[in-house]
Amino acid sequence: PAGAGAPAASSTSRSLMGRKNSGAPDYSRSERYVYMAAQGLGLCDASGQVVYQHSHPWAHVGELVDAAREVAPRGELVIAVHPGAHHVMGLPERFPHEGDRPRLEFARAAMGPTTSVREIGSAGGLVVERHDAPRVLICFPGYSGEFAGAANAGELARALARFSTALGFGYAYSAASTVHKLIERCQPRGHGLGPPAPHPALEPPYLPTAWSVPAAAWSRALTEDERARPWLVVADRSGSYLSAWRSCPLAVGSWSQEPEQILEPGPESRRPCGYWLVEHAAVAALVPGALPDPFRRHGARPGALVWLTTPLVQLAAELAEKAGERLVVRQAWLSSERSRPLDVAATRLAQAREELAGERSPEAGEALAVIKEGYAAATAWFENGPQPPHPLGRPDWKRTIHDRFVANTWRSLARSDVPPVGLTDVDAALFPVVTPELPAGLRAGTGLGSWKLKGRALPMAEALDALEAAGPGAVVAMAESAS
């Protein structure tokens, strides 16, 4: 489902053995999507109530659809199968990635002259279609690891509906696919995204920013003055990836190769989107010694030439201008056009994030976690998801967003009155402080791009032992466990 309207939720509550609830609601046209969740022997609606009780475990997806249609004869159905029901329904613990589609026997057993079952995506999503009946989407959140905190089908149904209501957009078979569909639907009328231009073959090969690699960490030796301070605090930057989406220019045109050049100072708004080849040692030398190197690439050898996308080369140009140095770009691959295709989707995601963060219900907490997973996974999907000619098969978008979040986080760290001594978990920074609070210069709050304390402040001696023995990650874990 990919409608922009708020999804519907079933409100029936009584259950009958093998029969639909006689009080099933009458769905109007405006209530386009009906959310349910399946357990081994029944169905729950979006209020969490059991609305259908089956006499035996669901044999195949056709039985599930038949029962759901008895309860909700109209509307587009979205049925999530709770992972606790997998064993009862004969589903494998892990989704099989080999074999012909559909790969689940649970799906194949329903196929026949009047029933079509298509598998979509990599997490087992199914579209069930029958003659003269609206299609039904079946999803398996257990295979994608989403809504993992929902203890039963009732909680899953409530969380699924809350996610879709907050976003104002129907949940598809995973958070990443939902966000990608949202991006496509949010393009201006008449300006939809077409197939991307052939991507340039970069030589040397592109290496990702070291800041986006799982378990990446940076730390430096503390000065004597820093070691003498009584506290070490961990600060977390909120929504770094999503804040990088907003107002982010991305390549949408054809690519051309440019020769060696001196990069002149100027605003990023005047630079084309693309890749710039620089000597890592030259740009790293521009970084003040107390701050982490934002230009470090994962797997790069010392002294290597590395590709930076426009947001990071802009930061390099700013630092070069401040140092009175010239920034030499060995070559570049630049796009003929640029656009901001993520702005509307980013606004929708940010609004949903803020709305859910303000609630204390379990379903809001689950929905918020999936929203956050959605934009992070959708960023990775630009490179690792559907490939060209799919309109969102654009590896340069993922790389640009990653570099933009690094550049923006680094600028924010540079404004702190207290330089960080460690960085891990992408944007969790360690600061030695006199009082257990955020350093001055960091924008405090819960909004996108702002900073908040993560866990409790740690006594310096205790934190230093963990930092020197196991690195910044151990300090972050200690702060979180202490809270």
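Predicted model: local features only at pLDDT ≥ 70, side-chain atom pairs only at ≥ 80, totals over all residues.
## Overall build

The chain is made up of 14 helices and 22 strands. Its C-alpha trace extends over about 75 × 55 × 40 Å when laid along the principal axes.

## Burial and contacts

Buried residues make up 53% of the 483 in the chain. The accessible surface is about 20900 Å², and carbon and sulfur atoms account for 50% of that area.

Contacts can also be sorted by the distance along the sequence between the two partners. Taking contacts between residues at least 6 apart in sequence, 73% are between residues at least 24 apart.

## Asp343 in helix α10

Helix α10 covers residues 343-357, and Asp343 belongs to this helix. Once neighbours within four places in sequence are set aside, the residues in contact with Asp343 are Trp245, Arg246, Ser247 and Cys248.

Ser247 also takes part through its backbone: the backbone nitrogen of Ser247 is 2.8 Å from a polar atom of the Asp343 side chain.

## Glu321 in helix α9

Glu321 is part of helix α9, which runs over residues 310-323. Its relative accessibility is 52%, so Glu321 counts as exposed, the cut-off for that class being over 50%.

Pro265 is 56 residues away from Glu321 along the chain, and the C-alpha atoms of the two are separated by 6.5 Å.

## Ala474 in helix α14

Ala474 sits in helix α14, made up of residues 472-482. The relative accessible area of Ala474 is 24%, so this residue is classed as partly exposed. Under 20% would have counted as buried and over 50% as exposed.

Between Ala474 and Thr424 there is a separation of 50 residues along the chain, while their C-alpha atoms are 9.7 Å apart.

Terms used
Residues numbered from 1 in each chain as written. Heavy atoms only, no water. Helix = DSSP H or I, 4+ residues; strand = E, 2+ residues; numbered from the N terminus. Buried < 20%, exposed > 50% of the residue type's maximum accessible area, 1.4 Å probe, protein only. Contact = heavy atoms within 4.5 Å. Areas by Shrake-Rupley, 256 points an atom, 1.4 Å probe, with all protein chains shown as cover. Polar contact = N/O pair within 3.5 Å; in protein donor to acceptor, adjacent residues only side chain to side chain.
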